[in-house]
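Welcome! Here is a friendly briefing to read with the structure open beside you. Take it topic by topic, and find each part in the picture as you go.

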Amino acid sequence: MHQPFDYRILTKWLIKIGIPVSEHYLKHSLQLHPDYPSIYSITDVIEKMGIDCLAVEIEAESLDEVPLPFLANMKSSDGLRFELIENLNATKESAFSENWTGIVIAADKPKHFKNAEIDNYLKNERESKYLIILIAILSVFFFVRLNLFSEVRWLYIFSISALAGLLISVLIVLKELGLSNKMLEEVCTEDCETVKDSTDINWGELGLIYFSVQIVFIAFSATENASVRTLFNLLSLFSLGFIAYSLFYQWKIVKKWCKLCLGILSILAVQLANAVWYQETFQISIPQILSFISVSAFIYISWALIKPLIKNYFHFQAEYYRLNRFRNNTELFRNYQENRPQVPQEALSSELELANPLAHTKIIVACNPFCKPCAEVHHKLEQLIDRFGEQISLIIRWNVNTQYKEHKRYQAAHYLLSIACSFPIEKRVAQTRILLNEWFGKMDFHAFKEEHSSFNISVEESIISRLMEEHEQWAETANVEYTPSIFINGRLLTKPFDLGDVYNFLKYEETPALEEPETVEIT
C-alpha cells in the first residue's frame with residue numbers, strides 16, 4: 001500500500017516545534033480528510049489540533065522570514081515529498097534550489113497545547129512499545145535459557161538464524177500484501193518487484209512457513225536429541241538446491257537481484273554451514289519426523305486461514321478511509337442538508353444562547369433537562385464552541401410539556417430559564433453557558449437548586465411561564481420527535497451525519513456579518 005507522503009517527517013517536524021504528536025494519529029486524521037492527499041489536508045488537520053499552521057508559496061529570498069523548523073515541499077513524481085528544514089544553510093545548497101517547489105509549511109506552537117485524543121494515541125503507543133520490548137526480552141530469555149545450559153552449541157546459530165529468517169520473510173510477505181513503508185521501499189527496490197512478479201512461487205510465504213516451523217519445533221522438542229539435530233541438518237542440506245536455483249534464477253533468468261531474497265539465501269547458507277560443521281552422528285527417528293510433519297501442517301493450515309483475514313482487514317481499512325473521505329466532503333453534507341425541510345428559526349422572546357448571536361450558522365438544539373444523551377451532546381457542543389465560538393450561534397430550547405407544571409422536567413427547565421433570563425445582558429451568553437455546563441454535569445434538580453438558592457431571580461414567574469410556552473410551541477412547529485434534536489440553519493441533522501460531520505461544514509462555511517438584533521431587557 002503506497003503512502004502518498006512520509007508521515008514520519010510530519011511527526012518529526014511537529015515534535016521539533018515542541019508539539020507531542022502521534023504518527024498514527026496524523027496518519028488516521030489525514031486519511032479521513034476529504035482532500036487527502038494534499039498540502040491543504042496537512043495544514044487543515046494540524047489546525048484542527050489547535051495549532052496555527054500555514055502553507056505559502058514564497059521566494060527563496062524570503063525563507064529567512066519563515067519560523068524554523070519548517071517543511072519545504074520538494075518536487076516528486078510519486079506523491080508529496082517534504083524536507084525538514086532546521087537550518088537555513090540547507091536551503092542554500094544547489095540540490096535544494098533545483099527540487100524545491102517554492103512552497104513551505106510553517107506552524108506555531110500554542111502556549112498551552114492540550115489534545116486529549118493525541119494523548120490517548122501516545123499512551124497506546126507507549127503501552128504497545130513496552131509490550132513489544134517485554135515480548136522481545138522474554139523471547140531472548142527463552143532461547144538463552146534453552147541453549148545456555150545445553151551442550152548443543154549448534155542450536156545457538158540455528159535459533160538466531162531462524163529468527164532472522166522469519167523477520168525477513170515477514171517483510172517479504174508485507175511487501176507482497178502491499179503493506180509497505182518508507183524503510184521497506186528503500187530496501188526492496190524495483191528489482192525486488194521484478195524478481196517477485198517473474199514467478200508464481202510465493203517466496204515470502206514459503207520462508208514464513210519454513211522458519212516458523214523451525215522456531216516452533218525448537219521451542220517444543222527435545223533439542224539435545226541427536227535425531228532432532230539430524231533432522232534440522234538434513235533440512236539445511238536440502239536447502240542447498242534451493243540456494244543454487246535461486247541464485248541462478250536471479251542471475252541468469254531475471255537478471256535482477258532482490259535484496260530481501262539474498263538475505264534469506266544468506267541465512268540458509270549459514271544454517272547449511274552450521275549443519276556441516278556440527279554434525280557428529282546420523283540418527284533418524286520416525287516419531288520426530290511425524291512430529292515435524294504435524295507442526296509443518298499446523299503452521300501451513302494456520303497461515304492459509306489467517307492470510308485471507310489479514311488481506312480483508314487491510315482491504316476494509318482502505319475502504320473505510322475512502323468512504324469516510326467521501327462522507328467528510330463538505331459539499332455532500334451541505335447539499336444533503338439543503339434538501340431537507342426547514343423549520344422556523346425566528347428568535348423567541350429570550351434565548352438560551354451559548355455562542356455568538358450574530359453568527360451566520362445557527363444551531364438550535366431541542367433538549368430535555370434530564371436527558372442523558374442531551375448531556376453527552378452538550379459536551380460535544382462545548383468542544384464545538386471552543387473551536388468555532390465566533391462562527392456559530394448555539395441555542396438551547398426545551399422540549400417540555402407545559403401542561404404538567406408539577407413534573408420535574410418542567411420545573412427544572414423553568415428554573416434554569418429563570419436564572420438565565422436574570423443574568424445581565426452583556427454577560428448573559430457567557431454565564432448561560434456556565435449555567436448549562438453545571439446543570440448537564442449533574443442533572444440533580446434538588447442539589448442544583450440548593451446550590452443556587454442565593455441567586456436573585458429578577459424576572460417574574462409569569463414571563464418565564466410564557467417563555468416556556470414559546471419553547472413548547474416551537475418544538476411542536478419543528479416537529480421535534482426526540483431529544484436531542486439538532487437543527488443546522490433550521491434543518492434537522494439526521495443520519496448518516498452527526499455532530500462530528502458539522503466540523504467540516506463549519507470549516508468551509510463563510511461567516512458574513514449579520515445585523516445586530518435589537519436587545520431587550522426582560523423585566
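Let us start at a proline: Pro37 sits in the loop that links α2 with α3 (39–48). Please keep in mind that this is a predicted model.

**Cis peptide bonds**

- As background, most residues other than glycine have a negative phi, and most peptide bonds are trans.
- Tyr36 and Pro37 are joined by a cis peptide bond, and its omega is about -5°.
- A cis peptide bond also leads from Thr483 to Pro484, where omega is near -5°.
- To find Pro484, look in the loop between α18 (461–477) and β8 (485–488).

- Met443 is a residue other than glycine, yet its phi is positive, near 55°.
- You will find Met443 in the loop that runs between α16 (428–442) and α17 (445–451).
- Is Met443 buried or exposed? Its relative accessibility is 19%, and buried means under 20%, so Met443 counts as buried.
- Asn489 is not a glycine either, and its phi is positive at about 50°.
- Asn489 belongs to the loop between β8 and β9 (491–492).
- With a relative accessibility of 18%, Asn489 counts as buried.

**Two packed helices**

- Two packed helices are described by the angle between their axes and the distance between the axes.
- Here, helix α1 (residues 7–17) packs with helix α2 (residues 23–32) at an angle of about 120°, and their axes are 9 Å apart.
- That angle makes α1 oblique to α2.
- The crossing of α1 and α2 is right-handed.
- Which residues meet at this contact? From α1 come Tyr7, Arg8, Leu10, Thr11 and Leu14, and from α2 come Glu23, Leu26, Lys27, Leu30 and Gln31.

- Strands of a sheet pair through backbone hydrogen bonds, either parallel or antiparallel.
- In this open sheet, 4 strands follow the order β1-β4-β2-β3, and their pairing is antiparallel.
- Why is one side of β1 (52–57) and of β3 (81–85) left without a neighbour in the sheet? Both stand at the edges, each with a single partner strand, so one side of each has no neighbour there.
- From one strand to the next, the twist averages 25°.
- Strand β2 (residues 70–74) and strand β4 (residues 100–108) run antiparallel and are joined by 3 bridges.
- Ala72 stands opposite Val104, which is in β4.

**Helices on that sheet**

- α1 lies across β1, β2, β3 and β4, and runs at about 25° to β3.
- α3 also packs on the sheet, where it touches β1, β2, β3 and β4, and its direction makes about 160° with that of β1.

**The sheet of 5 strands**

- Another open sheet has 5 strands in the order β5-β7-β6-β8-β9, with mixed pairing.
- At its edges stand β5 (352–353) and β9, each with a single partner strand, so one side of each is left without a neighbour in the sheet.
- How many bridges join strand β6 (residues 361–367) to β8? There are 4, and these two strands run antiparallel.
- Ile363 has Ile488 in β8 as its bridge partner.

Terms used. Residues are numbered from 1 along each chain as its sequence is written. This is a predicted model: local features need pLDDT of at least 70, side-chain atom pairs count only at pLDDT 80 or more; totals for chains, interfaces and linings use all residues. Side-chain values use heavy atoms; hydrogens and water are left out. Axes are lines fitted to C-alpha atoms, for helices over the stretch in contact, and angles run from 0 to 180 degrees between N-to-C directions. Angles under 35 degrees count as roughly parallel, over 145 as roughly antiparallel, 65 to 115 as roughly perpendicular and the rest as oblique. A crossing is left-handed if the near helix is turned anticlockwise from the far one by less than a right angle, and right-handed if clockwise. Contact means heavy atoms within 4.5 Å. Buried means under 20% relative accessible area, exposed over 50%, partly exposed in between (1.4 Å probe, protein chains only). Two strands pair if DSSP finds at least two bridges between them.
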